[in-house]
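The sequence and structure come next.

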Amino acid sequence: MVDGVLFDLDGTLWDAVDSICAAWNLALAACGQTRRFQPEQVRACMGMLLRDIADRLMLWLEPEERQRVMAECARRQAEYLAVHGGRLYPRLEETLERLAGRYPLFVVSNCQSGYIEGFFAVTGLGRYFRDFECPGRTGLDKAANIRLVTERNGLKHPVYVGDTQGDCNAAEAAGVPFIHAAYGFGTVEGKYPVLRAFGDLPGLLAGLHSPGEDGFAEKQEEIPL
């Protein structure tokens, strides 16, 4: 049976796009830039590494300047989210509380150091999670961070819940079965268990088998809710 649940953050546990966009625009202004981002531009970058976001959104700047401005975006983002937070998905806390009574829970996200800690602080949900990781702390990509959290917590049959193709690719590269949070920001190619609302996760997990038991890791079929 499943012995641990790892979560992506943006698009899986909350939607902080509006707050992130506001913070990044404050950073642009502070750096003397006249351009401003729109929420849909920010949404399209969720799940990407910050250096890749800079290269995608700031093509009018030279590469070195992009990274300098993105560093300011990250700093302002941490400050802004610590106050304003993001929009939690429906039934998030009650579902996390239910899950935590049965499974150890974790967060692995492509973000800067401090972002996950900020999510815990502003929402008060940190008590439900045993561990977390991000490239801002390790310098590793998401697949490596998934492996890291899995190994240091002794997990044998974990699952990873995320909303984008990048999440799916990282989970597969780490050898961890994937659940698609279809209410989030992205789409995923292939057949995987589909989570259409966060509150449905306990029931979905209860129906999954551990690898090698005629189930999840081999078939990875969509499970209707």
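Rings of Phe, Tyr and Trp (its six-membered ring) count as a pair if their centres lie within 6.5 Å. The model shown here is predicted.

**Aromatic contacts**

Across the whole structure, the search finds ten aromatic pairs. One aromatic cluster is formed by Phe7, Trp14, Tyr115, Phe119, Phe120, Phe129, Phe132 and Phe198.

| Pair | Centre to centre | Angle between planes | Class |
|---|---|---|---|
| Phe120 and Phe129 | 5.4 Å | 25 degrees | stacked |
| Phe120 and Phe132 | 5.6 Å | 85 degrees | edge-to-face |

Planes under 30 degrees apart count as stacked and those over 60 as edge-to-face. With its planes at 85 degrees, the pair of Phe120 and Phe132 is therefore edge-to-face. Phe120 belongs to helix α6 (residues 115–123) and Phe132 to strand β5 (residues 131–133), so this pair ties together parts that are twelve residues apart in sequence.

The largest cavity holds about 150 Å³ of space. It is lined by 18 residues, and the closest to its centre are Asp10, Met46, Gly47, Met48 and Asn110. Helices α1 (17–30) and α3 (50–57) each supply at least two residues of this lining. By class, the lining has nine nonpolar, six polar and three charged residues.

How values were computed. Residues are numbered from 1 along each chain as its sequence is written. This is a predicted model: local features need pLDDT of at least 70, side-chain atom pairs count only at pLDDT 80 or more; totals for chains, interfaces and linings use all residues. Side-chain values use heavy atoms; hydrogens and water are left out. On a 1 Å grid over the protein atoms alone, a cavity is a set of points where a 1.4 Å probe fits but cannot get out, and a pocket is an open set with protein on both sides within 12 Å along at least five of seven lines; lining residues have an atom within 4 Å of a point. Grid points are joined across faces, edges and corners, and a volume is the space filled by probe spheres set on the points. Helices (H or I, at least four residues) and strands (E, at least two) are DSSP runs, numbered from the N terminus. Ala, Val, Leu, Ile, Met, Phe, Trp, Tyr, Cys and Pro count as nonpolar, Asp, Glu, Lys and Arg as charged, and the others, Gly among them, as polar.
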